[in-house]
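This briefing is meant for a reader who is meeting the structure for the first time.

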Amino acid sequence: MENAFAPISEACVKALSDKTYDKRKMAALEIEKMVTEFNAKKNMTQVERIIDVLSKDFVRSNDLNKKKGGLIALAATSIALGKDTERFIEDIVNPILNCLMDSDMRVRYFASESLYNVVKVSRGSVLPFFPSLFNALSRLVTDPDHNIKNGSEILDRLLKDIVIESSQTFDLDAFIPLVRERIMVKSSFARQFIISWISVLNAVPEINMVVYLPEILHGLFQMLEDPLPEIQRMCESLLAQFLKIIKADPGAADMLKMTNLLIVLAQSNNLLIQFYAITWIKEFVQLYGGEILCFTSGIFTAILPCLAFESESKKSIKDCANAVNLHLLELVSGSEDKQRNLSYLDLNSVMEVLRQYLVHSPVPTKIAVLKWVHHLFTEVHDEMSEHANKLFPVLLRDSLSDSSDEVVLQAIVVLAEIVNSATVQGADFDQTQYRQFLVELLNLFSESNTFLEKRGTLIIRQLCRLLNAEYIYRTFAEILLEERISLKIASTMVRTLNMILLTTSDLFDLRNMLRDIRNEKSASLFECLYKCWTHCPVSTLSLCLLAQCYQHVSEIVCLFADMEITVDFLVEIDKMVQLIESPIFASLRLTLISHENDNADAVHLSRALYGVLMLLPQTEAFHLLNNRLQCVPNYWGQPNKINSKSTIQSQGKVKFDELFTYFKYMQDLHHQKRIEKRKKNQF
């Protein structure tokens with residue numbers, strides 16, 4: 001009967017199928033000799049027959065021993081053929097690759113060993129099968145068997161050497177999809193395998209991996225979250241290599257695709273991924289300059305929340321985010337290429353993001369946003385003007401009501417810039433933008449009396465620092481007189497404005513203006529404030545003392561005798577006495593002993609203060625004022641004849657008779673409101 005396995009002898013076939021490794025090994029050596037002889041004689045038909053028998057009858061057999069024998073024999077065949085293996089490479093490699101997925105652990109082991117021997121002999125001729133080899137290796141590195149895993153590492157190193165040798169002909173376009181398919185794996189061994197291959201290829205001068213970086217960058221960053229420190233270090237090192245190449249040649253990288261990826265990665269919950277992503281963004285901002293500004297809104301989304309990080313573990317992320325923020329600010333404001341840089345800035349998307357972060361964000365983030373808004377109004381005012389209307393409600397309703405004083409102050413800086421920029425062309429105080437802004441602010445105060453009491457002083461003081469204090473006070477006074485605002489809010493507002501006027505160093509110039517009502521402009525301001533100040537009688541008294549209208553003060557004090565003396569009234573008088581002792585009223589105290597104006601101002605002031613003293617119960621304020629008046633010469637209190645036409649008050653053009661009538665009218669109005677309220681409360 002003819003041998004079905006010819007030219008392999010029956011004895012060799014039997015040995016090749018034996019359960020013992022040694023017999024299978026001996027049979028493989030016999031086949032190696034046969035193939036060597038056939039190859040020497042150029043009898044390739046017989047060689048092809050041997051490979052066919054080994055593949056079909058052994059490697060693809062269901063008998064495990066036959067599989068193992070066939071795998072060893074195929075490797076022996078390749079060794080015998082040497083370089084001529086290339087002629088039969090497909091028929092040799094494919095059966096071995098199939099066995100790498102076998103369910104039997106020993107079969108997989110012999111398959112990996114056989115494949116190593118074939119690859120070692122054939123070298124570059126296996127590269128057409130690289131995708132299949134790479135797939136096989138990616139499975140072997142995660143094999144549960146330790147021996148198989150070790151064997152795969154040896155095969156992996158060999159294949160890398162071959163690829164490096166053939167770098168000029170290596171098909172990188174076919175390799176990248178293989179990496180992309182596997183780069184999101186979770187297995188540490190598989191990640192190590194992928195990283196090592198990318199690192200090896202990136203180190204080859206003839207291969208430009210940076211071109212393909214956008215396709216694998218996301219996966220590389222995800223590997224930073226691996227629990228094994230070794231994998232993290234490998235990934236960090238590889239990313240550093242890529243960044244170094246990009247810094248050396250920025251044009252080699254696809255900045256557009258990678259920046260979009262980095263913005264997404266910078267919002268990761270993993271701190272290491274977030275840190276490296278923001279680090280890359282920082283480098284990109286420095287490398288690409290103004291071009292990066294087209295990503296400003298996305299970068300804001302990534303870095304603005306990081307500015308509020310407080311824990312030590314997040315400090316490096318916060319510092320890096322701060323650096324990015326500062327670099328972006330410089331790009332917008334830098335004198336060099338400023339216009340070119342701004343051309344990349346999509347202001348609509350930027351402002352949309354900034355408005356979102358003004359609400360429900362931590363304090364450091366809000367402050368950074370407000371600084372950006374102010375910066376943009378400063379640098380690109382014309383373009384920003386259309387965003388003012390959308391910003392106003394957010395700044396007024398959210399920022400000014402913020403629990404942080406720092407946020408409130410910065411918000412006022414922005415509001416002041418908007419108002420200032422809108423009125424820069426005007427010359428008069430009654431600018432529309434001023435009035436609109438202050439009306440809105442006053443409405444905000446009206447909605448919450450607590451807000452006015454807690455934040456009113458802070459807000460108004462900051463506004464007076466940043467805007468024209470005279471405009472602020474005059475416009476507030478006009479609004480309070482013209483708008484339908486409750487008397488309670490009006491009186492509270494007047495008390496707040498009055499206290500700021502009499503205590504804040506920033507209003508020094510405004511106080512000096514009011515001290516000289518002989519000046520027409522000062523007189524106009526005084527009359528405007530006076531009418532508004534009548535909502536609070538003690539504030540009116542303070543204003544007149546500041547304006548040195550001492551005769552009128554004396555008349556008002558006399559009128560107090562016919563008014564209802566409430567607890568609030570006495571508290572206000574107490575505060576005024578304290579203010580009289582302050583440095584701001586030093587000139588008033590000196591007037592008490594002054595001989596100027598025929599002593600008229602001194603006498604009227606002395607009588608007025610004695611009147612205030614008589615209104616006070618014998619409290620600390622009473623003794624304080626009494627002690628002060630004891631220092632005044634006795635004759636000031638005598639009813640001696642004085643020339644009232646020589647007073648400072650008489651030298652101005654203020655119509656005090658009309659003001660006095662208006663004062664009485666307003667006090668009657670407040671009195672009626674108090675009576676109505678009491679009657680209402682009785683029911």
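Contact here means heavy atoms within 4.5 Å. The structure is a predicted model, and its chain has 35 helices and zero strands. The radius of gyration of the chain is 45 Å, well over the 26 Å that the globule rule gives for 683 residues, so the chain is more spread out than a compact globule.

**Overall build**

- Taken along the principal axes, the box that the C-alpha atoms of the chain fill is roughly 155 × 55 × 45 Å.
- Of the 683 residues of the chain, 53% count as buried, and the chain exposes about 31600 Å², of which carbon and sulfur atoms supply 49%.
- Among the contacts in the chain with a separation of 6 or more, 73% are accounted for by residues 24 or more positions apart.

- Not counting residues up to four places away in sequence, Phe526 touches Leu514, Ile517, Leu543, Cys544, Ala547, Cys549, Val654, Phe656 and Leu659.

- Helix 13 spans residues 255-265, and its buried residues include Met255, Met258, Thr259, Leu261, Leu262, Ile263 and Leu265.
- The cover over the buried residues of helix 13 includes helix 11 (213-222) and helix 12 (229-248), as well as helix 14 (271-288) and helix 15 (296-303).
- Ala266 lies in the loop between helix 13 and helix 14, and at 0% relative accessibility Ala266 counts as buried, because buried means under 20% relative accessible area.
- Leaving aside neighbours within four places in sequence, Ala266 is in contact with Gln274, Ala277, Ile278, Ile281 and Ala302.
- Ala266 and Ile96 are 170 residues apart along the chain, and their C-alpha atoms are separated by 44 Å.

**Two residues with positive phi**

- His360, although not a glycine, has a positive phi of about 60°, and this residue is found in the loop between helix 18 (347-357) and helix 19 (363-379).
- With a relative accessibility of 79%, His360 counts as exposed, since the cut-off for that class is over 50%.
- Gln548, which is also a residue other than glycine, has a positive phi near 65°, and its place is in the loop between helix 29 (537-546) and helix 30 (550-559).
- Gln548 is buried, with a relative accessible area of 15%, whereas His360 counts as exposed.

**Toward the start of the chain**

- The peptide bond from Ala6 to Pro7 is cis, with omega near 10°, and Pro7 lies in the segment before helix 1 (10-16).
- Arg60 is found in the loop between helix 3 (44-59) and helix 4 (64-81), where Arg60 is in contact with Ser55 and Pro95 once neighbours within four places in sequence are left aside.
- Between the C-alpha atoms of Arg60 and Pro362, which are 302 residues apart along the chain, the separation is 66 Å.

Key
Residues are numbered from 1 along each chain as its sequence is written. This is a predicted model: local features need pLDDT of at least 70, side-chain atom pairs count only at pLDDT 80 or more; totals for chains, interfaces and linings use all residues. Side-chain values use heavy atoms; hydrogens and water are left out. Helices (H or I, at least four residues) and strands (E, at least two) are DSSP runs, numbered from the N terminus. The radius of gyration is taken over C-alpha atoms; the globule rule is 2.2 Å times the number of residues to the power 0.38. Buried means under 20% relative accessible area, exposed over 50%, partly exposed in between (1.4 Å probe, protein chains only). Accessible areas come from the Shrake-Rupley method with a 1.4 Å probe; for residues, only the protein chains shown count as cover.
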